[in-house]
Amino acid sequence: MKKIFLLLIVIVFAFACNNTKTNENNQSSEEVIIKVEHANFEEAAINLVNKRIEMTAMISHVCEHGGKKMFLVSEEKEESIKVVLGENMAAFKTDLVGNTVKVIGIVDELRIDEAYLVEWENEIEAEIEKEKTEAKSNVSGHTPGSKDEQADLGDHKDAKDSIADFRKQIAESGTDHLSFFSIICEKYEVIKPTDN
Amino acid sequence: MDGVFLILDRMQFNWRKWNRVIHRDLGYFFFGMVVIYCLSGIAINHRADWNPNYIITTWELQIDTNQDFNKETIKSIIEDYDIDSKYLNHYKPSADELKVFLKDGSLSVNMNTGYAWLELSKKRPIFKAMNYLHYNPVVYWTWYSDIFSGALIIIALSGLFIIKGKKGITRRGAWLTVFGIVLPLIFLILFYY
């Protein structure tokens, strides 16, 4: 029994050491950290892609299903900035909502252009075809509301509407793409309120 | 089938003993994990009926919006209305809305009408922590829960061969095992295929 306890202690210790080592590695590989204000992020983000930034802002929402995402807001700006959980990090806790945090992370860009939308459309078409085939092989006679009919009527209408909307936004933007920026979190620290 | 067990039993290697040992010790070791996943599983299954993480209480308030809403005035509102939670932060999600974050909740104010919605939440004991684990909070937990899942398969397989005789896997055990497999199959045939 003593051996089992010893083994457990060794395993827990090994995990703890591994975790500390990862944090140290992150520290040592840190390059320049650019301080960015929440209110200026949208304008500055295009020049910050793949760069490490530090931002202090308040958390307006934490994804309840798994805590993989949180959103930052500030008194000055309504728009929220998405912060995604970095690799090997523990999930964001929902209790963090409302707190001010200092986040260090890498700026990530999701670029939506015509190629992206065409690929998306092709995926939807393939899915519709698959659903039609499945429905035909499963249902011998035609029944209203069957899978093929649903597919024809457009279960994927929302996605198609989104694609049309993105195309419209791209046309209005005067460029050939839309960019959505987020921060891949490496570490964060809750700033304690000074007086309460 | 009985013949196979007879041959195995006559072998020098006492496989039944080791089967029992594995089943027993894995059962002891993963008892806590089974409870965690079962309780959080039930909690999450019924997410539509209750909030498995928080006990939430709400109030409707009417607030005078003819004032400048800053940290100090908001704090005094919290005191005036005897709200049992500390101020954390505030911001305006839109021109006519004010959101105040409290330590255990939030206050949303319609700046046009003064109608305010106060929500105070308390962590649901035990369930909140177990649900946190159920959602794979960190990669190390994912590894550990994978090991746990593998261990459950071993516990299930070894469990089939614990008892010999008429209540074992060759008779009563076989029927119960088959029924246990057929039941999910019926659900699959009815609702999946």
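Two salt bridges are counted between chain B and chain A, a salt bridge being a side-chain nitrogen of Lys or Arg within 4 Å of a carboxyl oxygen of Asp or Glu. This is a predicted model, in which local features need pLDDT of at least 70 and side-chain atom pairs count only at pLDDT 80 or more, while totals for chains, interfaces and linings use all residues. Residues are numbered from 1 along each chain as its sequence is written, chains are lettered from A in the order in which they are written, and side-chain values use heavy atoms, with hydrogens and water left out.

**Interface of chain B and chain A**

- Lys128(B) and Asp95(A) form a salt bridge, with their closest N and O atoms 3.6 Å apart.
- Helix 4 (71-80), strand 2 (87-94), helix 5 (127-134) and helix 6 (139-160) of chain B each give two or more residues to the side that touches chain A; helices (H or I, at least four residues) and strands (E, at least two) are DSSP runs, numbered from the N terminus.
- Strand 2 of chain B gives the most to this side, with eight residues.
- In total, 26 residues of chain B are in contact (heavy atoms within 4.5 Å) with 31 residues of chain A.

**Helix 7 of chain B**

- Phe179(B) is part of helix 7 (residues 172-191) of chain B.
- Phe179(B) counts as exposed because its relative accessibility is 52%, and exposed means over 50% relative accessible area (1.4 Å probe, protein chains only).

Technical notes:
Buried < 20%, exposed > 50% of the residue type's maximum accessible area, 1.4 Å probe, protein only.
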